[in-house]
There are 2 protein chains.
Amino acid sequence: MLHVNENYAKIKPTYLFAEIAHRVSAHLEANPGAKVIRLGIGDVTEPLCPAVIEAMHKAVDDEAGRAAFHGYGPEQGYAFLRDKIAKFDFQDRGIGIESDEILVSDGAKCDCGNIQELFAQDVKVAVGDPVYPVYVDTNTMAGRGDIALLPCTAANGFVPMPSDLPRGVQPDIVYLCYPNNPTGAVATRAQLQSWVDWANANKALILFDAAYEAFIRTPGIPHSIYECDGARSCAIEFRSYSKTAGFTGVRCGYTVVPKGLCAYAADGTSVELRPMWTRRQTTKFNGASYITQRGAEAIYTPEGQAQTKATIDFYLGNAKLMRKALEELGYTVAGGEDSPYLWVDVKGDSWEFFDRLLKRANIVTTPGAGFGKAGEGFIRISAFNSRENVIEAIERLKGVL
Amino acid sequence: MLHVNENYAKIKPTYLFAEIAHRVSAHLEANPGAKVIRLGIGDVTEPLCPAVIEAMHKAVDDEAGRAAFHGYGPEQGYAFLRDKIAKFDFQDRGIGIESDEILVSDGAKCDCGNIQELFAQDVKVAVGDPVYPVYVDTNTMAGRGDIALLPCTAANGFVPMPSDLPRGVQPDIVYLCYPNNPTGAVATRAQLQSWVDWANANKALILFDAAYEAFIRTPGIPHSIYECDGARSCAIEFRSYSKTAGFTGVRCGYTVVPKGLCAYAADGTSVELRPMWTRRQTTKFNGASYITQRGAEAIYTPEGQAQTKATIDFYLGNAKLMRKALEELGYTVAGGEDSPYLWVDVKGDSWEFFDRLLKRANIVTTPGAGFGKAGEGFIRISAFNSRENVIEAIERLKGVL
């Protein structure tokens, strides 16, 4: 008899966005024609930049003729892209990462979800609370039920440290995400260095999700975990073009697995992780679209760099306006400075606050409780929107708060 | 201490294509300037058809402006594509598959590799021998070591039946691939019906890989497992645009999981698989590229249908020429009629024959032994090439065989 993987039944159904959709449609039914502004979404709203569009048109044309046609590419990604990533995202910033340590994929969500396959089923995992649900769900599906939570609170500036680990808990893997989704918090170099030192001392691994790295503007805030001493021996880093360059719909990201980074067999012998991840990708993945990779390459041209920076500046401008308005209304706001997300202390129940904004101001937010227990009392507001909507939303917030 | 998944160490390293590359480069070093013709590859050589190119240019333009911009799409694929698949690939052929039973992905390799996550670790798996390595490797990586082999031999026409199962072996999952990679064999309706009846009687599951379906020209040969009575209750089907429409570089495929198709919890209660696969995809995948999906949609226009059929006719023409030539040279050839692959009985050691063709004719093939023990004594020849190369290769074969 064909038995299912019963761990799938242990995932908490993500009612969050379904519940939001349900409440919004009920509201619209009761208030036909209400002009709802969605500040809950984590998806970009600005189009792809001209440099990327031009490169993708050219790549489509490559696929139209026998001479420049590209069929199966390397599962690890094309050298033309990996070389640019190594140079622009790392080496030019003084970080020693080589192109053969970079594996291109169709997105950081896939890589964040698949990476846990490399590890034994009984490894102990720790995540932040609140948290991007993929870290938790993918480990639950693999049978790792006992996931430790690191509370991200105002008291620790939403950046938990190794000392915040629950007593007696010694995780083998810690997921860290900075700039953080959902709190918008960033970690200082000293804070990340503490985690790196802890991981090296404990033969543990940091899975560092840097999907929002491009939003960092404050000098000194690390863009990569590899800015910390010793991170090459204890960290894997995930990057995404989704928010950096509006690639949510065209799908590209990459994962860095440094040479020499090891985990251990049961008998204690060390096993290098880069060949394992390469094996995973070559066996279960067939490379990101050639057209997409040519688009990603164009981000690293002078035009692409300027254009993507301008778009992120625009989103950061939205965030700044909303943060200022909310602070003037007396709210304590985290994030929104080196991040597209604002994490607003609503001084009460997050779903109640959600309902209040929806019913009185036609504004959709995301209740923090949906990201974990420690998210209760907060809402997440996203800066991915038009300026017009942001200004209108601020006016409405002033009217009802 | 961070323990690795030690099952990764149990995979047989696929030396096949690495070994081929090694021998070819040694040959080229010894014979500089030799004009090598590669008949070993499984990648397409013809460009994307004009209908697809046009649709992809339009989709790139959609991504260039705020009005038509598409960010995150549904992980299951856009309705515009799923609806066309349901109509053209199934309903118009009298097969009752609905669009919400179709989940679009970035390729059949990914889906074939990921599907095993839905099942318990101790399920018994059976595959053909020779076999597409992904079925074996992905189960091995998940800890399923004891994989039963169904020998595909001249005696059974390279189509093993349930009666070919080793004595005492009762698999829960059987991978079937028709038209087959690597043998090029096709299964009749009666043969597939036997497997469906066997699966329903034994509460087993058929994972049906139909990646080469578009090459079927012989009337009556099933294009889909769902042409068999009762297949909805025992089969998942994988489709790919890689060979159908030259999408090896742009990445799109889909998986069909019929409503009501169930596996079982340990306590015997049935668990529907479609929500589980949906959950897997929504958690660990973020949808195929919007541009790629628009390209795939264009395959279903009248122009796209005619253009993709013409390309497959061209490849089938290559196969026919090579099959005829090899038969005239006295070789027994399977495949190459409803398939891009020829499976040639070389009456001897497959690596020896490989070396002979490489050294004497500058022709690269794939030794059958690389696909499994039962592949020894055969070589695989691929029809994915230019007509010019095929004609030249035939002349050379006539000279040396």
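Student: What makes Leu192(B), Gln193(B), Trp195(B), Val196(B), Trp198(B) and Ala199(B) the buried residues of α6(B)?

Tutor: These are the residues of α6(B) that count as buried; the term means under 20% relative accessible area, with exposed over 50% and partly exposed in between (1.4 Å probe, protein chains only). The model is predicted, so local features need pLDDT of at least 70 and side-chain atom pairs pLDDT 80 or more, while totals for chains, interfaces and linings use all residues. Residues are numbered from 1 along each chain as its sequence is written, chains are lettered from A, and side-chain values use heavy atoms, without hydrogens and water.

Student: What covers the buried residues of α6(B)?

Tutor: The cover includes β4 (148-151), β5 (173-177) and β6 (205-209) of chain B.

Student: How do you know that the reach of α6(B) is close to the one expected?

Tutor: The expected span is 1.5 Å times one less than the number of residues. Helix α6(B), residues 189-201, has 13 residues and reaches 18 Å from its first C-alpha to its last, close to the expected 18 Å.

Student: Why does the radius of gyration of chain A agree with a compact globule?

Tutor: The radius is taken over C-alpha atoms, and the globule rule is 2.2 Å times the number of residues to the power 0.38. For 401 residues this gives a value near 21 Å; chain A has 21 Å, and therefore agrees.

Student: What percentage of chain A is buried?

Tutor: Buried residues make up 63% of its 401 residues.

Technical notes
Helices (H or I, at least four residues) and strands (E, at least two) are DSSP runs, numbered from the N terminus. Contact means heavy atoms within 4.5 Å.
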